[in-house]
Amino acid sequence: MTLRHLAPLGALLLALTLTACDSNSNEPTDLRLDLSATVDGAAFAAGQPFAVNGTTGQLDIAQLYLSGITLLHEDGREISILADEPVTVRAQDENQTEIQHSVSERYVLVDADAGRTVATLGEVPAGRYTGVRFLLGVDGLDNRAAMEDFPAGHPLAAQASSMHWNWNAGYVFLRLDGLLDVDGDGVVDPATGTPGDAASGQWRLHVGGSPNAQTVTLDQDFELMGGEMQDLHVQLDLARLVQGIDYTAPANRFCMTGGCQAVVDQAKANTQAAFTLHGVHGHDM
């Protein structure tokens, strides 16, 4: 091939490459949520002691619900992440009358005690985004739904019974179960006696009730590439969630939402700062 034939060939290859790139930009991104749990910036491990407001604690169970996940596009659009298919279940309205209710939200049950939760979010438009918003909690009639009506595998279904009280109280939005050092020797104490006793090391924080759901907005620019599978990487600092709660007071160590609103309010105030968006990472589909 002579040199004079190379230029047209190169132009053709460049045009094909640009066409392929343009095509990919119009394809959606297959997005997942990749949430990792930390304590004070270090990787969290269930049952491993860490510093808790001047004392020592450990968590054996750390679970929470995320919903209302919304991507904030740079052009002002808000891309809501909904379930693949809505589910119709029984629910109770404000008058405790049983009704049929359609649940269309995509819920993520985060098992932070496993260290990492990866959840499929589905296909979303490729492009540049300025952040993400979500709710820590289960809102509205979804929180008054019959748990047993959800199909197996749904985050709100019966396998999540440890995250549900009853039709009236609804779901537990945040569940932290563990032990605290109550005698000041730097070692967590056993859960002896009645919960809330001064000598018991039992540590519980269960937050629920629709007014206690918290909206989190994480402002950080990121780009989703079309035709790829990408992970939205979020970190949750569990120690930050309980920062400022006085655990020298025995009554604060066992909080099940009712009768301990000051503890719940402090956890709510900490929620925004406990989450950090670390951008996206991806791999070929």
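Predicted model: local features only at pLDDT ≥ 70, side-chain atom pairs only at ≥ 80, totals over all residues.
Leaving aside neighbours within four places in sequence, threonine 117 is in contact with Leu33, Asp34, Leu35, Val108, Leu109, Val110, Asp111 and Ala112. Colour strand 9, residues 116-124, to see the element in which threonine 117 lies.

Is threonine 117 buried or exposed? Its relative accessible area is 13%, and threonine 117 is therefore buried, since the cut-off for buried is under 20%.

Next, select aspartate 111, one of the contacts of threonine 117. The backbone nitrogen of aspartate 111 lies 3.1 Å from a polar atom of the threonine 117 side chain.

Now turn to the empty space inside the model. Rolling a probe the size of a water molecule over the atoms shows where such space is left. Across the whole structure, two cavities of 30 Å³ or more are found.

For the largest cavity, select Leu136, Phe173, Leu174, Val207, Asn212, Ala213, Gln214, Ala267, Lys268 and Thr271, which line it. The space here amounts to about 70 Å³. Which element gives the most to this lining? Helix 3 does, with three residues. Highlight helix 3 (261-274) together with strand 12 (170-180), as each supplies at least two lining residues. By type, the lining comprises six nonpolar residues, three polar and one charged.

Finally, select Leu33, Leu66, Ile69, Val132, Phe134, Leu232 and Val234, the lining of the second largest cavity. Strand 4 (55-73), strand 10 (127-136) and strand 15 (228-237) each give two or more residues to this lining. About 40 Å³ of space lies within the second largest cavity. Its lining has seven nonpolar residues, with no polar and no charged ones. Leu33, in this lining, is also among the contacts of threonine 117.

Note on methods. Residues numbered from 1 in each chain as written. Heavy atoms only, no water. Helix = DSSP H or I, 4+ residues; strand = E, 2+ residues; numbered from the N terminus. Buried < 20%, exposed > 50% of the residue type's maximum accessible area, 1.4 Å probe, protein only. Polar contact = N/O pair within 3.5 Å; in protein donor to acceptor, adjacent residues only side chain to side chain. Contact = heavy atoms within 4.5 Å. 1 Å grid on protein atoms, 1.4 Å probe; cavity = no way out; pocket = protein on both sides within 12 Å on 5 of 7 lines; lining within 4 Å. Points joined across faces, edges and corners; volume = space filled by probe spheres on them. Nonpolar A, V, L, I, M, F, W, Y, C, P; charged D, E, K, R; others polar.
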